[in-house]
Amino acid sequence: MNIHEYQAKELFTEFGIPVPAGKAVQNVEQFQAAVDSISGEKIVVKSQIHAGGRGKGTFTDGYKGGVKVVDSKEAALDAGKAMLGNTLVTHQTGPKGREVKTVYFTEASAIAKEYYLAILLDRENSQPVFIASTEGGMDIEKVAAETPEKIARIHVDPAGGLHPFHKRAVAFALGLTTKEQLKQMDKLLTGLYDLFWAKDCALVEINPLITTPEGDIVALDAKVNFDSNALYRHPEIVALRDLGEEDPKEIEASKSGLSYIALDGNIACLVNGAGLAMATMDIIKHFGGNPANFLDVGGGANEQQVTEAFRIILSDPNVEGILVNIFGGIMSCKTIALGIIGAAKNVELNVPLVVRLEGNEVKEGKKLLDESGLKLTSADSLADAAKKIVELIQK
Ligand code: ADP
Ligand code: MG
């Protein structure tokens with residue numbers, strides 16, 4: 001689960017990580033008061049969407065920059081008005097972009113140098129790892145691709161916890177080695193590690209972390225991503241969830257206990273088990289098709305869930321064909337057949353449907369489908385199913 005920058009910065013403050021003061025607002029009437037609360041002539045106006053690359057983004061009406069540093073309160077109001085309700089496209093949003101529903105006004109910091117600092121879970125050795133680079137700012141992806149040696153990784157064994165030597169290693173990797181800098185980094189890194197650990201984060205990223213000409217170290221941007229499996233322990237974090245930033249189909253699916261992720265292809269997949277879902281997407285690609293989604297109905301789905309899955313799939317206007325690929329292990333193929341038949345009654349099935357059933361009660365399942373009078377194509381293997389659906393949508 002993601003949150004907005006302004007929410008992440010509230011967490012930073014709670015954990016002693018320094019950030020510029022700011023105010024987030026949702027409507028124009030609140031702009032003046034928010035701008036008046038900022039001290040200093042310069043103000044930074046920041047679009048709040050769940051995507052990075054805002055600084056270099058462009059709005060769909062041509063307005064440039066989802067993050068603007070301006071010289072006066074009037075200019076801040078103008079920038080805020082240009083952003084609110086407008087749709088921002090960045091390299092992380094996809095071409096459709098995201099509507100800006102919140103604008104964040106913050107104090108501007110004078111920047112001596114920008115750094116990159118993050119902590120995330122290294123799944124290869126099951127340890128939190130700090131990622132630090134002197135090449136912070138807006139192009140960290142480029143640094144990782146072209147000069148990976150400029151990115152330092154410092155692992156922390158969670159059994160032993162965070163020690164001063166870890167913090168010194170991170171500070172030295174960033175070249176922040178004066179006594180005063182080490183002192184500030186010590187506090188900041190303790191806060192960062194504690195936040196990561198206490199809130200079950202998957203990622204906490206500061207890009208840029210900066211030094212000011214006066215020698216202060218400040219987090220100018222904040223991105224926090226939480227491990228969804230641990231959210232039950234953090235009602236205060238769940239309260240920060242912004243459903244407006246999530247795909248409505250994904251929200252519907254999670255309500256029904258389905259794992260659904262929208263993709264940009266045109267062949268919908270309805271599969272049980274994450275591994276089989278991945279394999280199904282791969283084989284569709286192999287035969288030249290493009291999956292419209294990842295949908296795992298789980299090992300023990302019932303008829304209602306299968307119907308709901310069909311409803312969600314068919315609400316996507318890009319879907320031109322459906323591939324059902326079920327291996328009945330725990331689940332009976334009969335349940336799937338009944339779900340498909342139920343769905344066909346409730347929603348109009350106006351695209352080709354290929355069904356591959358295998359496993360538990362497969363004969364009974366196939367029989368139910370045959371007798372239903374539904375227009376569908378049966379397939380015998382994964383490859384056969386993928387080939388058939390790719391052919392059918394090309395017709
Ligand atoms: P994004 O990563 O989405 O582009 P950032 O918050 O990192 O958004 O902002 C982009 C750039 O804007 C930063 O790299 C920094 O140079 C500048 N910036 C952001 N916040 C401030 C601030 N409070 N004071 C001065 N400059 C800022
Ligand atoms: Mg940034």
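Predicted model: local features only at pLDDT ≥ 70, side-chain atom pairs only at ≥ 80, totals over all residues.
## Domains of the chain

Along the protein chain, three domains are assigned, namely domain 1 (21–107), domain 2 (113–237) and domain 3 (247–394).

## Where the ligand sits

The largest pocket is the place where ligand 1 sits. Strand S2 (43–48), strand S7 (102–107) and strand S11 (201–211) are the elements that each contribute two or more residues to the shell around this ligand. Seen at the level of domains, the shell around ligand 1 takes at least three residues from domain 1 (21–107) and at least three from domain 2 (113–237).

There are 19 residues around ligand 1, and those that come nearest are Lys46, Arg54, Gly55, Ser109 and Glu114. Sorted by class, the shell around ligand 1 is made up of eight nonpolar residues, six polar residues and five charged residues.

## Polar contacts of the ligand

In Ser109 a polar backbone atom lies 2.9 Å from a nitrogen atom of ligand 1, whereas in Glu114 an N or O atom of the side chain is 2.5 Å from an oxygen atom of the ligand. Asp221 also takes part through its side chain, where a polar atom is 3.0 Å from an oxygen atom of ligand 1. On its own, ligand 1 has 540 Å² of accessible area, and the protein covers 91% of this area.

## Two details of the backbone

Which kind of peptide bond joins Asn207 and Pro208? The bond between these two residues is cis, with an omega of about 15°, and Pro208 has its place in strand S11, one of the strands that give two or more residues to the shell around ligand 1.

A second detail concerns Ser126, which is not a glycine and yet has a positive phi of about 55°. Ser126 is found in the loop that runs between strand S8 (113–122) and strand S9 (127–133).

How values were computed. Residues numbered from 1 in each chain as written. Chains lettered and ligands numbered in written order. Heavy atoms only, no water. Near = heavy atom within 4 Å. Polar contact = N/O pair within 3.5 Å; in protein donor to acceptor, adjacent residues only side chain to side chain. Areas by Shrake-Rupley, 256 points an atom, 1.4 Å probe, with all protein chains shown as cover. 1 Å grid on protein atoms, 1.4 Å probe; cavity = no way out; pocket = protein on both sides within 12 Å on 5 of 7 lines; lining within 4 Å. Sits in = over half its atoms within 2 Å of the grid points. Helix = DSSP H or I, 4+ residues; strand = E, 2+ residues; numbered from the N terminus. Nonpolar A, V, L, I, M, F, W, Y, C, P; charged D, E, K, R; others polar. Domains from an automatic or database assignment.
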